[in-house]
Every structure is written in C-alpha cells, then in structure tokens.
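Biologist: I'd like to learn how to read a model like this one. Could you walk me through it, feature by feature?

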Amino acid sequence: MFNRLKKKPMAEEDAPVNKPSGARLNLFFFAAFVIFSILIFRLAFVQFVEGPELTYMETSRNTKDIPLAPVRGPIYDATGEVALAYSEPVQSLYVLLYEDYRNDERRQEAEELAHDLAAVFKQFNPGDKEQLDAEEIIKRLDLDYQKTFGYVPRLVKSDLSTKEIAFFMEKKADYPGVMVLEENIRKYDPDGVAVQVVGYTREFKRAPDSIAKYKAIREGASTQRDPGLVYHEEEKVGFDGLELQYQEELRGRSGYQSIDIDARNLPDGTMLQTPPEKGYSLVSTINKEIQMAAQEAITDELRRLPKAITGYAVAMEVDTGNVVAMASMPDYDPNDWDYDKIKYVFRNGTTESFPPNDAKPSRAESVILLGSVIKPLSVLIGLKEGLFTAGQTYHDPGYAILGKDGRQVKNSHSAYNGSITARRAIEKSSNAFMIDMVGKRLLSKYGSTKGIQIWDEHMKEFGLGVSTGVDLPNEFLGRLEYNNEDESALTRLAFASFGQQAKYTTMQLAQYTTMLANKGKRMEPHLVKEIRDADGNVVKEIKPKVLNEVDFADAHWNEVHKGMVTKVSSFDGFPYDYARKTGTSEQGTGPNKKENGVFIAFAPRDNPKLAVAVVVPEGGFGSVSASPIARKIFDAYDEVYGLDGTPKGKKDQKQDQE
C-alpha cells in the first residue's frame, strides 16, 4: 500500500505542465474577437462618421507664425561707450481682427471701435496737432484685407504714452483684439556723428532689388522655415553704411506670434508669443571726439570758402588700418528723415560718386582729380622703372612741351624752378618734371599700350582704381580717364603723371597715403573693430590686414619722404615733423573751370601713426582749403591717442589734478 502511494506523485511529475483547459482557450479566443471587433468598429467610425469632420478641420484650420521685429543691436564709437546708433523700446497699439468685417453689420462694429480709440487718443493728447482720427484708424485697420491677411495684427499707433499704455492694460477686457506690444525704434546720436558711415534704416518693404541681400530674402521667403529669420514688411533694415554692411549681425532674430486660423484666414484661438532676440553690437573704429573735430573743421572751411559746398576727410591709422574719422559734409539728420532736404547729400560721400549737376548747386561730385598729391607716387614709379636716378637733375623752365605742335603744359603760376632733382620736384610740385621725366619716358620705354598698362598696375598696387576693402557698401572704384583711347597715349601719360587723368575717392586717397607712410603695405581700412553679443562678450575681433605689399628700394622711399616738405602755413607750430603734399586739380575750362583742393599728410615722419586725406571740391589751392582741416584732425588725434603714444588730453587732465 505504501509503495502504491509513493508511485502516485511520480506519475503526477510525468504529466504535462500548464496544459490549458478547453474552457480557458475558448475564453481567450472570445476576448481577442471582442477586442479586434471594437478596433475595427472604431476605425470604421473614424473613417465614415468622423472622417469628413476631421478633414474639414484639417483644411479649415492652420497655424500661422506672425513675425515680430527683432531688437536691433547698437553701434558704438571706438570707446565702446558712446552709442552712435541704438534701439529704443516703445509700446505700440495693435488690433487683431477676429471677424470678417466686410459685411455692413460687422463693419459698423469695427467703425465704432475706431471712433472709440480716436476718443481715447484725444483724451490723453488733447493738444496734439497730428491727432489720430477715426477715419485714419479705419484705414489702418485694413478692413477689406487689401494689404494683408486677417490674422495679421494691424498697427494702429506707435510710441504710446504712459497714460495710454495704462488705460489699455486696465481696460483690456473692454477691447477684445486690442493688444499693446513692445517694439523698438532706431535712434542716432543727436550730434550727427559720422552719419554716412553709420548709415540709416528704412522699412523692409521699401528695400529696392538693387540691394542684393534683401532681394535674396524676398525670393527665399516662401521656403524659409526658421521663423526667426522671417522678415516682416514693416521691419526696419539697414539701407546704407554700417547698418547695411552688418545687417545680419545687427538684426538678431525675429520673435513671432503663433495663432490658429480658419479657412477665412481669420484668428481662431489664443495667440502665443515668442519674444525676439537682440542682435549683436558693433564697436566701430570711429572716435567721436576726432570725428566731430573733422566735421566741424570741414564746416568751418565751407563757411569761409566762396565756392566750395562740400568737403571730405578720412583719417586712418598707419599700422592698423583703423579709420578713426571719416567725414562727409554737409550731412543729414537720420533721426528726421526728409528726402527733399537730404537728396543731394545722403549718398554723396567719401566712398561714392555722383556726377555734379550745375542746375542744382547744392550737389557736387565727391570724387575729383587728385592733382599734385600723386607726384610722390610718380617719382616712386620713375625711380622703380629706372627712368631717372635720385641724384639726376632736370632743368625746369616752368613748363613742358607736348606733341609736335609745341603745346605747353605749365607749372602752377608758371613757376620757374631751374635745376632740380626728383626730391625737389615733389617739394616744388613741378608739373614739368613729372611730364618729361615720368610720363614721356614711360611712353618711350614701353610704348603706348604697355606704358598705360604699367602706369595702371602701379596705381592699383597703391589702391587707386580698385576696392580699398573697406567694410562699407557701394564703394566707388574710381574713374580712370587715362584709359580713354580718344586721347593719345602721350597726353594720357603726361597728364596722369601730375594727377590730371583719374578720379578717386577720399578713402582711396587715405589708403594711398598710408602706403606712403608705412613704405608699401596696403592696409585694409576698418570701420568696425569688434562685434559683441547681447551680453557684451566679444564674438569677433577684426584684426589688421595687409592686402598687398609693393617692393621699392628703401632709398627711393626716403627720397620721396624728404620731398614731402611743402610749406603749409596752417601747420605752423605743429609739434611734430610730418610729411605732406598739397594738390590743386583742375576740372573744366573757361567759365566752368573748377579748382579742387586736395591735401595728404602723415605724422610723425619717422614713426608714422596717422595718415590723413582731405578733399574740398572747388576749394581752390589745397594748401589753403584742405590743409587746415587736416591740421585739426591731427590735433584731435594727438589729444585722444597721442601721435607719440601719449594722449595729450589725459596728460593735461593729470596736470590739472596736480
């Protein structure tokens, strides 16, 4: 009995484990059937019952991102403390249209809102002559959707007063669709510092296709997926100067308002707002103190000179290429944009050229023939090409003869200089020397075509007739009249040799002067030295850059420098030895003859720190009209930075404290 009982558990161990019963299997299959039936029923219900409604919702509702203009970064002067351009926050009133107001009943509601808003504005601005009335508000509401879609908020009024802001924030529930949003307006230094350097801003919608970057933005708008890079038509963008050149850095990123819209393109839901991001700031190389000295010096000279109406100056550091002053006068007020007032000056600067218009005397050409300031380079070319030697003498009778007809080209005042060397020819500004020893001999050595080509190559090596590389848009490259084949090669080379066959900008002239100072390094002019993020961290530093170098013997440079000693009375008492060259170029003949004043200089002579170029169209002799401007720029630089490395302004302050 015991053995039989012991075998029973062993039999149970041999049996299959977890073998399901028939009832359990039936229950499992039934449950699976029910679940799959529910899923199939739900899918059918969605497809055939809810499908049309979901399809309508899909086609009738969409989400739109409405750009909010970014906060444009500031532009500082060289100290990093004086803002030449900045964005000032203002509060603006917008209205969002939740209904289609094109039918009479709805339109009446919108018109009532317009009259109500006009009454509020009148209440808080009773004496405002430019009062915003109901009719103008209705126009700005664009109830017929002629300007934009219904979901785009309508700007009713910018720069709300504090009382207006408080009123609309308090009465928000009484004005559905009315929003007070923060925006920014661009302001500029009220002293008008380097206006044509800084530039100005206008609405994006006004940007012409001639500005390539904005044309590209328009063409790519439909494919732009990053809402931060979407441009709004009313957004202010750079149109000139640094504002245009550094548009991407200054702009920042757009904010945007996201809102659902229905099939009528009207809002259908709550608007969510992502704030804009502030752009980078620029620290320019322009020093306000030196810049104002340049602007005031030009303005003073224009008051004194009988014919001159414009003047230009560029001051460039010899070792760095930093432009510490760049003045174009008269200038305009970018805070008070009036095209009729500024149309003859706002694009007539040191890097651009527009032909003069004798019927409009307020407009003058900003590029002129260089005159005698080209003579140091003419002598360098002559020495380099072996046309004469430094010690070789030339008899200057006061004129040179051109052609078989015996035509005479005279020195200024027909000055007789007698026996002179190349160095003395620069000092005495001898046209005759340049014609006979440079122009004619270059033609004799190389022939017509090659002679012009050699001259052109030397000019461009010194930045004359090519881009200077300055970080400004729309740079004018010069007008090279020596390439005009209507004149003989002899005439072209002869007149080019003393500065009467090409027109260049004041910026090109400053770069050329810098090359004379540093003996052959063509420095790239910089107007921005640092780019900083919104927290003030430097994200990019613009370092000095040499564009090219020329290979001239040091003895030749020394010979030219020794010749740059023309007597200039405006520099009497100047505490440094300096190199300079005056120039007077002539344009036109007879009653239309114009004499333009030109002056270049660098100081100190043996260790140059600053190069200055000044142009005064119709100013007469450069020694009289242009040199006083240069003197004041040098003095201002000496005060701020020190031509010898010691700022005189700080030294004087220290003495006063003692």
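This is a predicted model: local features need pLDDT of at least 70, side-chain atom pairs count only at pLDDT 80 or more; totals for chains, interfaces and linings use all residues.

Biologist: Which side chain does Arg631 meet in a salt bridge?

Modeller: The general idea first: side chains of opposite charge can pair when their charged atoms come close. Here the partner is Asp635, with 3.1 Å from N to O. Asp635 counts as partly exposed, at 28% relative accessibility.

Biologist: And why are Asp635 and Arg631 separated by about one helical turn?

Modeller: An α-helix has 3.6 residues a turn, so residues three or four places apart point the same way. Asp635 and Arg631 are four residues apart in helix α19 (residues 627-640), which means about one helical turn lies between them. Elsewhere, salt bridges with shared partners tie Arg72, Arg186 and Glu243 into one network.

Biologist: How many salt bridges does the count come to?

Modeller: The count is 36. Another one joins the side chains of Glu136 and Lys139, at 3.7 Å from N to O. These two sit three residues apart in helix α4 (residues 134-141), again about one helical turn. Glu136 is partly exposed at 23%, whereas Lys139 is exposed at 51%.

Biologist: You mentioned β8 and β9. What is the strand order in their open sheet?

Modeller: The order is β1-β8-β9, three strands with antiparallel pairing. Direction ignored, neighbouring strands are turned by 25 degrees against each other on average. You can follow β1 against β8 (residues 255-261) over seven antiparallel bridges, with Ile66 standing opposite Gln257 in β8.

Biologist: Now the five-strand sheet. In what order do its strands come?

Modeller: Read it as β12-β11-β25-β24-β23, an open sheet with antiparallel pairing. At the edges are β12 (323-329) and β23 (579-587), each pairing on one side only. From one strand to the next, the twist averages 10 degrees. Inside the sheet, β11 (residues 311-317) pairs with β25 (residues 610-616) over six antiparallel bridges; Tyr312 stands opposite Val615 there.

Biologist: Which helix lies across β11, β12 and β25?

Modeller: That's α10 (residues 288-304), running at about 30 degrees to β12. Strand β24 (594-603) has a helix packed against it too: the buried residues of α17 pack against it, as well as against α12 (375-384), α13 (422-428) and α16 (506-518). Those buried residues of α17 (residues 554-563) are Trp557, Glu559, Val560, His561 and Gly563.

Biologist: Last one: which residues make the nonpolar surface patch of about 420 Å²?

Modeller: Phe30, Phe33, Val34 and Ile38 make that patch. Ile38 belongs to helix α2 (residues 22-60) and is exposed, with a relative accessible area of 53%.

Conventions:
Residues are numbered from 1 along each chain as its sequence is written. Side-chain values use heavy atoms; hydrogens and water are left out. Buried means under 20% relative accessible area, exposed over 50%, partly exposed in between (1.4 Å probe, protein chains only). Contact means heavy atoms within 4.5 Å. Two strands pair if DSSP finds at least two bridges between them. Axes are lines fitted to C-alpha atoms, for helices over the stretch in contact, and angles run from 0 to 180 degrees between N-to-C directions. Patches are made of residues with over 30% relative accessible area and no salt bridge: like charges are joined within 9 Å, nonpolar side chains (Val, Leu, Ile, Met, Phe, Trp, Tyr) within 5 Å. Accessible areas come from the Shrake-Rupley method with a 1.4 Å probe; for residues, only the protein chains shown count as cover. A salt bridge is a side-chain nitrogen of Lys or Arg within 4 Å of a carboxyl oxygen of Asp or Glu.
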